[in-house]
Amino acid sequence: MDSILQPWPWYVAGPLIGLMVPLLLLAGNKSFGISSSLRHICAACIPADITFFKYDWRKESWNLFLVGGIFIGGMIASQLLMSSGSVVVDPRLQKELTSYGVTDYSNLVPQELFNIQSLVTIKGFVLMIVGGFFVGFGTRYAGGCTSGHSIMGLSTLQWPSLVATCCFMLGGIFVANFILPLLLQL
Amino acid sequence: MKNKMITINNNVDYEVKSLDVNANVQEKKQPGIVYLIVGILFGILLVKSEVVSWFRIQEMFRFQSFHMYGVIGSAVAVGVLSVWIIKKFNVKTIQGEEVTFSKRKFSNGNIFGGLLFGCGWALTGACPGPLFAQIGTGAFAVGVTLLSAIIGTWVYGLIRERLPH
């Protein structure tokens, strides 16, 4: 039981995440991909006569059930399957974050940075609003996210997905190493 | 109908199956609960492996930990093997249909959008799936990030005809 409550190592979690691919293919002929759910939400709620959102989102509603499930899964895991320990991070990262005043490791997301009050600061605005915008805009522009391209796309050996995955990494490496250190000092 | 044709002709987004001309859209429908359960399993995996943790994402992009590379790498390995087995032995879905795959065409969006998403991933510490999982764990402020991501998708839809693809 204790090993369930502890964080799961990559060689357990990774292969299980990989099994999502055949699970969805065999359950209903669906390609694994999460970011399109954001498009379906737009199509369902605010289509605004935009061509890109003019399609029958109900035919894709499986994707909305999937993300609803992810939300519930997050709830179950945090309520029932977690030990009370904090997130253990690499000492180099811990040292760097301490210099920005980030010392709370009790949640998966640092509460000192991600909270409603910090939305009015430049730091909080860029992390949450600008960051979120890039995630939504970028994934749709790229035609997929980590699940759609990096896992499903690579699993079916599609080279455009490899290009997209490399670009995800390049963008992330650049921001994490050159932009975030400046931003978090604010 | 005209509008729909335009979307199909310029389709660079292979995640909406009903718009993909090559896809078999005559498939039998599964009740939503099936996907809800798959989602719950995936959400538990995302949280328990800590891949939805902002800290793990920072470690990954700073090359300070193997964890994320191990998770994604082994997930892809299992995915490749599964798809190979499905194709090789012509495994059918539980409803007895042939499994279909859509071939993705390259677009410059893979590069530009990919770079933008990478920037957002490093800032928020989350891809779209983990956003939903993070909110589930009680990080309610991430709801703002999700809302912003929905707006980002909407703005992309608004200006996509003017973007290089």
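Guide: Let's start with the polar side of things: 30 residue pairs, both at pLDDT 80 or more, are in polar contact between chain A and chain B. A polar contact here is a pair of N or O atoms within 3.5 Å; within protein, one must be able to donate a hydrogen and the other to accept it, and residues adjacent in sequence count only if both atoms are side-chain atoms. On the side of chain A that touches chain B, helix α9 (residues 159–185) of chain A gives the largest share, 18 residues; helices are DSSP runs of H or I, at least four residues, numbered from the N terminus. Sorted by class, that side of chain A has 85 nonpolar, 38 polar and 12 charged residues, with Ala, Val, Leu, Ile, Met, Phe, Trp, Tyr, Cys and Pro as nonpolar, Asp, Glu, Lys and Arg as charged, and the others, Gly among them, as polar.

This is a predicted model, where local features need pLDDT of at least 70, side-chain atom pairs count only at 80 or more, and totals for chains, interfaces and linings use all residues. Residues are numbered from 1 along each chain as its sequence is written, chains are lettered from A and ligands numbered from 1 in the order written, and side-chain values use heavy atoms, leaving out hydrogens and water.

There's one salt bridge between the chains: B:Arg62 meets A:Glu96 at 3.0 Å, N to O (the cut-off is a Lys or Arg side-chain nitrogen within 4 Å of an Asp or Glu carboxyl oxygen). The contact (heavy atoms within 4.5 Å) takes 135 residues from chain A and 119 from chain B.

How values were computed. Helix = DSSP H or I, 4+ residues; strand = E, 2+ residues; numbered from the N terminus.
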